[in-house]
Amino acid sequence: MNRQELVEALVAKTGNTKAGADRNIAALIEIITATLKKGDKLALVGFGTFEVRKRAARAGRNPATGAAIKIKASKVPAFKAGAGLKAAVNGTKK
């Protein structure tokens with residue numbers, strides 16, 4: 001499902017306009033991004049948690065040349081599915 005299909009699904013579910021649904025999705029993405037940028041977690045009970053994880057510096061290899069390279073430490077966004085979402089995907093009751 002892409003963004004346009006998500007907008008159409010949201011319109012069908014809520015009866016909102018396409019423009020309104022698109023604004024809601026954009027706002028949600030902005031809120032999640034701003035929260036993670038601050039280093040905070042965003043937890044939606046039963047759905048999951050968005051968080052930032054730290055990835056340590058490490059050694060790697062250039063696949064083209066095989067030369068060793070240093071990969072800098074970084075922060076990466078992560079999503080941890082909640083029990084309700086896991087149960088829904090697996091077809092079990094929570």
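## A first look at exposure

A residue counts as buried when its relative accessible area is under 20%, as exposed when that area is over 50%, and as partly exposed in between. With that in hand, let's meet this structure, which is a predicted model.

Arg 3 belongs to helix H1. Leaving aside residues up to four places away in sequence, Arg 3 touches Asp 22, Ile 25, Ala 26 and Ile 29. Along the chain, Arg 3 and Ile 25 are 22 residues apart, while their C-alpha atoms are separated by 8.6 Å.

## Where two helices meet

Now for the helices themselves. H1 covers residues 3–14 and H2 covers residues 18–37; the two pack at an angle of about 115°, and their axes are 9 Å apart. The crossing of H1 past H2 is right-handed.

Which residues make the contact? On the H1 side they are Arg 3, Gln 4, Leu 6, Val 7, Glu 8, Leu 10 and Val 11, and on the H2 side Lys 18, Ala 21, Asp 22, Ile 25, Ala 26 and Ile 29. Sorted by class, the residues of this contact are eight nonpolar, one polar and four charged.

## The largest pocket

The largest pocket has a volume of about 170 Å³. Around it you will find Leu 6, Ile 25, Leu 28, Ile 29, Ile 32, Leu 44, Phe 47 and Phe 50. H2 supplies the largest share of this lining, with four residues.

What classes of residue make up the lining of the largest pocket? Eight are nonpolar, and there are no polar and no charged residues.

Let's go back to H2, where Thr 35 is found. Is Thr 35 buried or exposed? Its relative accessible area is 14%, which is under 20%, so Thr 35 is buried. Not counting residues up to four places away in sequence, Thr 35 touches Asp 40, Lys 41 and Leu 42.

Lys 70 sits in strand S4, which spans residues 68–71. Lys 70 is exposed because its relative accessible area, 81%, is over 50%. Lys 70 and Ala 59 are eleven residues apart in sequence, and their C-alpha atoms are 4.8 Å apart in space.

Note on methods. Residues numbered from 1 in each chain as written. Predicted model: local features only at pLDDT ≥ 70, side-chain atom pairs only at ≥ 80, totals over all residues. Heavy atoms only, no water. Axes fitted to C-alpha atoms, helices over the stretch in contact; angles between N-to-C directions. Left-handed = near helix turned anticlockwise from the far one by under 90°. Contact = heavy atoms within 4.5 Å. Nonpolar A, V, L, I, M, F, W, Y, C, P; charged D, E, K, R; others polar. 1 Å grid on protein atoms, 1.4 Å probe; cavity = no way out; pocket = protein on both sides within 12 Å on 5 of 7 lines; lining within 4 Å. Points joined across faces, edges and corners; volume = space filled by probe spheres on them. Buried < 20%, exposed > 50% of the residue type's maximum accessible area, 1.4 Å probe, protein only.
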